[in-house]
Amino acid sequence: MRSVESRINLLFILLILLAVSLGCLGPSSSSTQCEGTVKVNGKTYTGQAKDEEQAGLNACNKYCLEEDERAKGMVQDWLASGAAAEFERKMKRKPTKEDAVIEDKAILDYVTKNCASKCKTEANKNRHTLETECK
């Protein structure tokens, strides 16, 4: 009887050690070491990434969705389109701005290639600020 209890205790301890070990192998903070922050008119937009350049662009992507008139118009047009209705039917939820960007290549290209790049180059020149920090 004693050896059965010992084996159960040993198994229990091994399971705890395994769980702790696997927990250490999960997503690490190194997957998003850098953060970009765009500030404009009292609003803050943040983005994370592994490197400083991409963190700034990710923050600019969010800035563009909220502040760029062309991006906002493209998103609103998509949200009112048949593609958005089809998305809602398939996904059983209303599409978001982020869904519009993912689902429509023209919006994605405009936001990521045009607007976000412009946001980065024009940063800290009186309209908005862009700061990045890596840990």
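A residue counts as buried when its relative accessible area is under 20%. Asparagine 61 has a relative accessible area of 18%, so this residue is buried. That is a handy place to start a walk through this structure, which is a predicted model.

**Overall layout**

Let us step back for a moment to the whole chain. The protein holds six helices and three strands, and along the sequence they are arranged as α-β-β-α-α-α-α-α-β. Of its 135 residues, 28% count as buried. Taking contacts between residues at least 6 apart in sequence, 47% join residues at least 24 apart.

**The nonpolar core**

Which residues touch the most other members of the largest nonpolar core? They are Val38, Tyr63, Ile107 and Val111, in a core of 25 residues. Two or more residues come from each of β1 (34–40), α2 (52–67), α3 (69–79), α4 (82–91), α5 (97–103) and α6 (105–122). As background, nonpolar side chains tend to be buried together in soluble globular proteins.

Setting aside residues up to four places away in sequence, valine 111 touches Asn61, Cys64, Leu65, Ala71 and Ala116. Beyond its neighbours within four places in sequence, asparagine 61 is in contact with Val111, Thr112 and Ala116.

Two packed helices are described by the angle between their axes and the distance between the axes.

| Helix pair | Angle | Axis distance |
|---|---|---|
| α3 and α6 | about 165° | 10 Å |
| α2 and α3 | roughly 75° | within 6 Å |

Take α3 and α6 to begin with. Their angle of about 165° makes α3 roughly antiparallel to α6, because angles over 145 degrees count that way. The crossing of α3 past α6 is left-handed. On the α3 side the contact is made by Arg70, Ala71, Met74, Val75 and Trp78, and on the α6 side by Ala106, Ile107, Tyr110 and Val111. Sorted by class, this contact has eight nonpolar, no polar and one charged residues.

Now for α2 and α3. With axes that cross at roughly 75°, these two helices are therefore roughly perpendicular to each other. Cys64, Leu65, Glu66 and Glu67 of α2 meet Glu69, Ala71, Lys72 and Val75 of α3. By class, the contact of α2 with α3 has four nonpolar, no polar and four charged residues.

Apart from neighbours within four places in sequence, glycine 36 is in contact with Tyr45, Thr46, Gly47, Ala55, Gly56, Ala59, Glu131 and Thr132.

Glutamine 54 belongs to helix α2. At 32% relative accessibility, glutamine 54 counts as partly exposed. Glutamine 54 and cysteine 34 are 20 residues apart along the chain, and their C-alpha atoms are separated by 8.5 Å.

Methods. Residues numbered from 1 in each chain as written. Predicted model: local features only at pLDDT ≥ 70, side-chain atom pairs only at ≥ 80, totals over all residues. Heavy atoms only, no water. Core = buried A, V, L, I, M, F, W, Y, C linked by side-chain atoms within 4.5 Å. Buried < 20%, exposed > 50% of the residue type's maximum accessible area, 1.4 Å probe, protein only. Helix = DSSP H or I, 4+ residues; strand = E, 2+ residues; numbered from the N terminus. Contact = heavy atoms within 4.5 Å. Axes fitted to C-alpha atoms, helices over the stretch in contact; angles between N-to-C directions. Parallel < 35°, antiparallel > 145°, perpendicular 65-115°, else oblique. Left-handed = near helix turned anticlockwise from the far one by under 90°. Nonpolar A, V, L, I, M, F, W, Y, C, P; charged D, E, K, R; others polar.
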